[in-house]
Amino acid sequence: MDKQKTLICGDVNGNFNALFSRVETIIKKSGTFDVLLCVGNFFGDDNSQLTPYKLRTKIVPVTTYIFGPSKPDHVPLYCEEGSEIVPNVIYMGRRGIFTTSADVKIAYLTGLSRRELGKEIPMCTFEPSDCSTVRDACFRGQSEYRGVDVLITTLWPAGIQQDESQKIDLEQDKLSNLLSWLAIHIKPRYHFVPSDKYYERQPYRNLSEHQDYRECTSRFIALGPVGNKMKEKWIYACSLQPITKMRVTDLLQGTTDETPCPYDPELLKQNQPGKAVKFCGNGQFFFNMDTPEEDQGRRKRKGGDNQERKRIDIDPDSCWFCLSSPSVEKHLVISVGTNCYLALAKGPLSPYHVLILPIAHYQAITKVSDEIVDEINKFKAALKKFANDLNMLVVFFERNYKTSHMQIQCVPVPKSCESEILEVFQDEAGINSIQIEVLPHFADIRQVSLPGAPYFHAELPSGEQLYARTKQHFPLHFGRDVLSSPPILNCEDKADWRQCQLSREEEDQFVKEFREKFRPYDFTAEEDSDSD
């Protein structure tokens, strides 16, 4: 069986002469190699050594693949994905999977983690959704998944440093829980990262979702910088037989020095990444809000640079949704509680599409009191019971972007589409370049987003929650676009509420019918009778 002769190197940092002369020496000694993978920073402060290769006075001796930047200064030096930096040096982008001519599968997710770093560096950071995209690309078209041949990342997966055989001094910002999730799911035979020092861990046995099923082992290798003065190993050679062509007995064969998987087994149970939370002593969770990104956001808001902040404050008397306002369309009101009320949506996706709104003027759920949240949850619970008896489930979503009064959209959907809802949300987010995160079932949006910060938030029937920071040009009908799509409600003509408005008579009829059907579930009716 033919194997792919592969070279892998660490950070090049502009030391192109040292890299390619060493490769030429290896080729003279060991014969031709098929591929060179540069797993760290390809460019450096001085890149003048690349000029002869651009002018073709020097030739890159082997097909070389480089990956996305992790330093903003290097971004302008890269070309379009799939193009050549110089002849025989191909830029593959920041994330993805590609299959070589020898059928070796190489997955990669490079750069820094925006969420764990606490700030965004354009073109140099990745999101939890990028991890999902790489995982899904690895799984696509495989009825029985074995793993991938190679995984390349810039950061180390958290947990890999727990090695009893050798001590590793590693800074916390070099570790990523998101990459632990990715590694435990895609099961790479080799995982390479750049480093200041060479490190090769004992192979570990991957975990399986099935207790009696044996998985392949993974080798984790960190390579030093090219031509480093400390003489740390910076180039690695191996012959790779594609995982798809290996006999199962060879793939699962054990070694005398293998260790258990170093990652948290709970990660394997999480279908989506980005659920990392910290726990305090009382068993509650919190998200760390004291990040540079949020500090920067506070400064922007103080300085008046935040566009969302610049909008004109709405007078409650002119608000369409304040119940005391003359502008409110009271004929749409279905039920009124102590702090909140239920109303038919304008241009509803279905006769059961309603809104939960605070009676007083609040912009978003991140600004309301615990008492209001408690009543919102009462309405949600009642609507879930109501929908269940109709053989339906409810999707809740809120868009705190270009809105003045909090509105939680409540849209019943068929139970048959439950398994597709998350995927459709993620597909629509990808189409619109929206970075969407999956939050834990018990997450509280008030602990995730700062008061006043724009966001999109959805609660799915599965209990999973979706969260996105809304930026300029965020699609105002994003939630409706998803739910009106063919896999869910199949009413794409209703994505824009203005295109499906009802007449006053139709609205009156919808409200009357909903109120009658909802009465057995309406807790506000019980409260009214108690007060009588």
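**Rings, charges and a pair of helices**

Let's start with two residues you can find in the model: tyrosine 65 and phenylalanine 98 are both buried. Keep in mind that this is a predicted model, and that 52% of the chain's 532 residues count as buried.

What do those two rings have to do with each other? Aromatic rings count as a pair here if their centres lie within 6.5 Å, and by this rule the count comes to 32 aromatic pairs. Tyrosine 65 and phenylalanine 98 form one of them, with 4.9 Å from centre to centre and 45° between the planes, and that makes the pair tilted. Tyrosine 65 belongs to strand β3 (residues 64–66) and phenylalanine 98 to strand β6 (residues 95–99), so their pairing ties together parts that are 33 residues apart in sequence.

Now try another pair. Tryptophan 156 and tyrosine 199 have ring centres 5.6 Å apart and planes at 20°, so this pair is stacked. It links distant parts of the chain too: tryptophan 156 sits in strand β11 (residues 156–157), tyrosine 199 sits in strand β14 (residues 199–200), and 43 residues separate them. Both tryptophan 156 and tyrosine 199 are buried.

Rings can also join up in a group. Look for Phe397, Tyr401, Phe425, Phe456, Phe474 and Phe478, which ring pairs link into a cluster.

Lysine 5 lies over the face of phenylalanine 33, 4.6 Å from the ring centre. Arginine 22 places its charged end over the ring of tryptophan 234, at 5.4 Å from the centre.

Time to zoom out a bit. The chain's secondary structure comes to 14 helices and 27 strands. How do helices α4 and α5 pack? Helix α4 (residues 128–139) and helix α5 (residues 177–186) meet at an angle of about 10°, and their axes are 10 Å apart. Angles under 35 degrees count as roughly parallel, and that makes α4 roughly parallel to α5. By class, this contact of α4 with α5 has nine nonpolar residues, two polar ones and one charged. On the α4 side you'll find Pro128, Cys131, Ser132, Val134, Arg135, Cys138 and Phe139, which meet Leu178, Trp181, Leu182, His185 and Ile186 in α5.

One last number covers the whole chain. Take the contacts between residues at least 6 apart in sequence: 71% of them join residues at least 24 apart.

Technical notes. Residues numbered from 1 in each chain as written. Predicted model: local features only at pLDDT ≥ 70, side-chain atom pairs only at ≥ 80, totals over all residues. Heavy atoms only, no water. Axes fitted to C-alpha atoms, helices over the stretch in contact; angles between N-to-C directions. Helix = DSSP H or I, 4+ residues; strand = E, 2+ residues; numbered from the N terminus. Parallel < 35°, antiparallel > 145°, perpendicular 65-115°, else oblique. Contact = heavy atoms within 4.5 Å. Nonpolar A, V, L, I, M, F, W, Y, C, P; charged D, E, K, R; others polar. Phe/Tyr/Trp six-rings, centres within 6.5 Å; stacked < 30°, edge-to-face > 60°. Buried < 20%, exposed > 50% of the residue type's maximum accessible area, 1.4 Å probe, protein only. Lys NZ or Arg CZ within 6 Å of the ring centre and 35° of its normal.
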